[in-house]
Structure formats: C-alpha cells, structure tokens
Amino acid sequence: MLLATIPLYVQPYLIILLTTILMYVILTVSWAIFSGPTRYISLASAAFFGIGVYTSALLGKSLPLPVVIVAGSLFSFILALCIGLLTLRLRGMYFIIFTFSISELMRNFLLWWETTMTGTVGRWVIIVDHMTVYYIILVIFALVLLTAHLIRRSRFGLALRSIGEQEEAASHIGINATLVKTITFAISAFFMGATGAIMATKWKYIDPRIAFDPLLSFMPVLMAIFGGTGQLFGPVFGAAVFAYLEEILTTKFPYYYMLLFGSILIVVILFLPHGMVGLVQKWLKGGLNRQNANP
Amino acid sequence: MFVTVLDVLIGGLIMGGIYALIAVGLSLQYGVGRVLNVSHGEFIMIGAFATWSLYTLLGISPLLSLVICGPVLFMIGFLIHRTLFQYLRDQSESIGAFADSSLLASFGLLFIIQNIALLVWKADIRAYSYLDSSVSILDAVFAVNRLVALLFAVVISSGFYIFLTRTRLGKAIRAAAEDPTTAQVMGVNIHRVLAICFGLGALMAGFAGPLISMIYEIQPTMGLEYTIIAIIVVVLGGLGSITGSLIGGFILGLVGSVVTYFDAGFSLIAYYVIFILLLLIRPTGILGK
C-alpha cells in the first residue's frame, strides 16, 4: 500500500532506484519459491529473465504491454517445464551446473545467432514511462509475494520441504516429487519471465549479454542466502538490502565495487550461514535464553 | 586436405593439453576437497598476467615464469584453504552443505581476484610475442610457442599423474578422495591434505596461465570461460577421476578445434551442447563410477 503511493511525493530518481530494487526482490523471492524449500540451487534465473526480455523485444512493437508480459511469463514457464522434466535425474552439484549451462548456452547461442544471422547484436525495445514500469513491477511483486505465501502455507509447500529434507522419504509417503518440483520450478520461472519482459522496456536497448547476464543468476542466490531462506521475509529483506547496497557501491566506488561485493559475500557465508533473518532470530532466542539462564 | 587435418589435429592437441591441465586442478579441488572452485579461472588469469608483466617489464622468459607462478599460487591456494574453506568445512552440518557454501565463497573469491586484476592491469586485452618463429611439420606450419605449450602441458600433466600414483602424498590424497573419515583414521592429516589439494589445483592454474598467455590473448575477465571449460571437462571425464579429466581435456580440445575450423564463434556453444547432452545421457562421465 505504502509502496503504491510513493511516486506521489518523491523524485523520479528514487522511482528508478525502487524499480531496480523491486526487480531484484521479485527475482530473489521467485528463486526462493523453488530453491528455498527443495535446496536445489538453480542458476537458471538469467535464462528465464532473458526469455522475458527477448519476448518484449520481439513482440513489444506489435502487441499491447500486458499481453507481452503474460507472453514472456508463459514462455519462461514452458521452458522451465521442459528443463524440469529433463533434469529429473540430476541432483546437487549436477543440477547447479546444468542450470547454469542452460542459461549460458542460450546467451552464447543468441550472441552467435544475432551476429551471424541478423547482423546486429542488439535490439531496440519500445520505451514505457517510468511510472508505468514501476506500477507493473509493483503488481508483479505483490503477486509473487502472495504466491510464495500461499505455497508456503499449503500442502504443496509441505511436500516441497519434505523433498528438501529427504527426497526418497518424500517419494515413499506418496509425494510425486517430480511433478511437485517441476511445477514449482515453472512457477518461479513465470515471475522471472514477467520481470524480464517489463524491465526490457526500461532499458530501451538490449543484447544477449544484458538479457542473459550471469549475474542475474548469481544475485538471487546470494541475496536469498544473505536474507535467509527459512522465512518468507528473508529473501525480500536480503534482496532489498543487497540491491540498495549494490546501487550505493556501484555509484560511490565504481572501481572497488566487485572487491567490496566479494568481501561482503565471503563474510556473510562465514558468519551468517542462516542469513540476516536467522541472525535476528538467533539473537532473539539468545536473549530469551539468557533471561532464563541462571546468572 | 591432409595438411588441414594435421593443422586441426595439432591445434586440438594444444587446446586439449591446456584444458587437461586446468581440469586436473579443478578435479582435485572438487573431487577431493568438495570445493567447486569457480574462481579457478581467476588463478589462471593471475598466472597469465603475472607472466605478461614479468615478460614485458623485466624481460623474464614465460617458461621461467611458469616455475615462479606455480609455487606462488600453490602457497596462496594452500593458505586460502587453510583459513577460509577449512573454517567453512568445520562449520558445515553436512558435506552437501559445505559444497554449497564453498561454491558461494569461491564466487566471492572470483569477484575479489577479478577486481584486483582489473585495478592492477586495467580491462585491456593483452598479448606478447615469444618464440613466434614457425616450423613446418609435413607441410603444415606451426608457431614454435604453440608446440612448446603442448609439450609443457603434456609433461606437467604426466608428471602430476605420476606424483599422484607413485608418491606417499599422492596416495594420501587418493585415500582422502575415496573416504575422508577413514583416511583420517588411517593417519592422514586430513586438513593438511585437503589444503595441499586446493594448493595443487592452484598450482595447475599457475602452470596453465603462463602457457595460455604464450599462445592466446588475455584479459582480466577471461577467467570464467576457463572455469566453465574446466567444469565441462571434469564432468566429461567423471567427477573425481584424474585420468578421466586428462582424457576429457584432450577430447574437448579436439572437438573445439574441429568446430573452430568451421565456425570460430560456435565453439563455446558446442561445448555447452556436449555438456548438457552428457549430463542428460551419462552424468557420471567417461570414467565415472
């Protein structure tokens, strides 16, 4: 509610900043819908995002914006279904590198296609004004939060968590692990595709390197782990803090940005294995324990 | 026709030799230590740039740099494992959790090392010429530096293979790869062996970097591509199998050379296609169990 009224009283710069932050929050929350409970770390976010971006670039000129966004989401959804069905046998490290190769394959293939077949690497996208982009991003944000919340609370979410705990046991008690995993993977891809489709209109010019940037795959993982994947709030919080931090670091320290980013990443992994939310919880629990303990 | 075939073949062997070298390093780090070190390519890049600097500024021969870069990177790798990864390993609830957290930590290393390299060497593409006279073998013409690189890659990887199979430390490493807990019970100092393994991975990167800088252009962002190639080769050969990585490296190099002959832009795509098909059809690789 508050986020919806913000444009009424702040500068355009803040709207653009908020749009970027919300983009990362959506990517992170949708990543966490699948990878949080199942513990299958997916590095295919860039692939789904990129599909959205290219849908926007190809269809944006002939179709109205809402149709383009829905189309982008559906294409990502379908791709995720295919990947999900193909990767039934892969687990752990194999799954991680498989998902990464898929998005890298798409990026390299498109680069090759655009340079040898069409002759131009980049494409122009129909521009939409900042306010419209912001409101659409806000709607997607609301939808992804609602979806994540509903999945967490449903029997479906319970099935996902039991797959994450022990997949064999989950199959034995009658959970169709394959079906559950594939559908959840596709749902998470759906929102990534939608985000890609709308963000393309903000960037005006796109090429395979921008659309399928591997950082788009890494960032949601880092942000979710930074925030903590145990709670719905964790990825939201992690992504918001991280995206803001990234914005500050890139503008204030453009030459040291990656150095600082990498250092923060290592510190987080070393000292906050359960993320910020985990730290707060531990701190609260520790506080209670201390009250109960004898001096 | 014959000359073209020979050209593609030798080109493939050279690429393959380098791929085998970097893959063996990664295979050791992942197969024994369970660290999927995505910053492996950054170590290669550091080796390549150190060689470039030593050659262009001080005139030190790249083959001498090979002997400098290897041990220095070994020490850096050893220390990184002793501090960062050992701490993570002790903290982790399970080996699976360690594999995930060490993957993320090595992403952190990737960002840090790449940024330092960008600050020191700037983002430019570099190259130098060393031993660039040519020899002709059966009418096909090759630059001497490429043949020297191939020779060194073969010598180093065979030397490394002999080290693993014949020496006591090599046996300790293979024991730790099979079963860390039992190896520890049998008197293997597991923390030391794991750190040595990580260091040896960096050593291989330190050997590969100078060889790569002799024959290809280098830039500070080149690391990830080599890491990806190393991962593909390691999976191709079977995770944890050193012999598999050596064979896999030459196979991928030959495939790459053939594809490059038809369309240079297509080689990375071909690697990914091979990799994805491999994961789908036979994820255990050529020599995997």
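**Labels and their cut-offs**

Tutor: The contact takes 33 residues from chain A and 33 residues from chain B. This is a predicted model, where local features need pLDDT of at least 70, side-chain atom pairs need 80 or more, and totals for chains, interfaces and linings use all residues. Residues are numbered from 1 along each chain as its sequence is written, and chains are lettered from A and ligands numbered from 1 in the order in which they are written.

Student: What makes two residues count as in contact?

Tutor: Their C-beta atoms, placed from the backbone, lie within 7 Å.

Student: Which helix gives the most to the side of chain A that touches chain B?

Tutor: α5(A), with 14 residues. Helices are DSSP runs of H or I, at least four residues, and strands are runs of E, at least two, numbered from the N terminus. α5 spans 92-118.

Student: How do the residues on that side of chain A divide?

Tutor: Into 24 nonpolar, seven polar and two charged. Ala, Val, Leu, Ile, Met, Phe, Trp, Tyr, Cys and Pro count as nonpolar; Asp, Glu, Lys and Arg count as charged; the others, Gly among them, count as polar.

Student: Why is B:Ala177 called buried?

Tutor: B:Ala177 has 22 C-beta neighbours inside 10 Å. Buried means 20 or more other C-beta atoms within 10 Å, exposed means 12 or fewer, and partly exposed lies in between. So B:Ala177 counts as buried. B:Ala177 lies in helix α6 (residues 168-178) of chain B. Leaving out residues up to four places away in sequence, B:Ala177 touches B:Gly31, B:Val32 and B:Gly240.

Student: Which residues touch the most other members of the largest nonpolar core?

Tutor: B:Ile18 and B:Ile22, in a core of 181 residues. Such a core is a set of buried Ala, Val, Leu, Ile, Met, Phe, Trp, Tyr and Cys residues joined through C-beta atoms within 7 Å. Helix α8 (residues 190-215) of chain B supplies the largest share, 17 residues.

Student: What makes β1(B) and β2(B) a pair?

Tutor: Four bridges join β1 (residues 134-137) to β2 (residues 140-143) of chain B. Pairing takes at least two DSSP bridges, so the label holds. The strands run antiparallel. B:Val135 has B:Phe142 as its bridge partner in β2(B).

Student: Where in chain A is confidence lowest?

Tutor: In helix α14 (residues 275-292), at a mean of 64. pLDDT is the predictor's confidence in each residue, from 0 to 100. Chain A averages 85.
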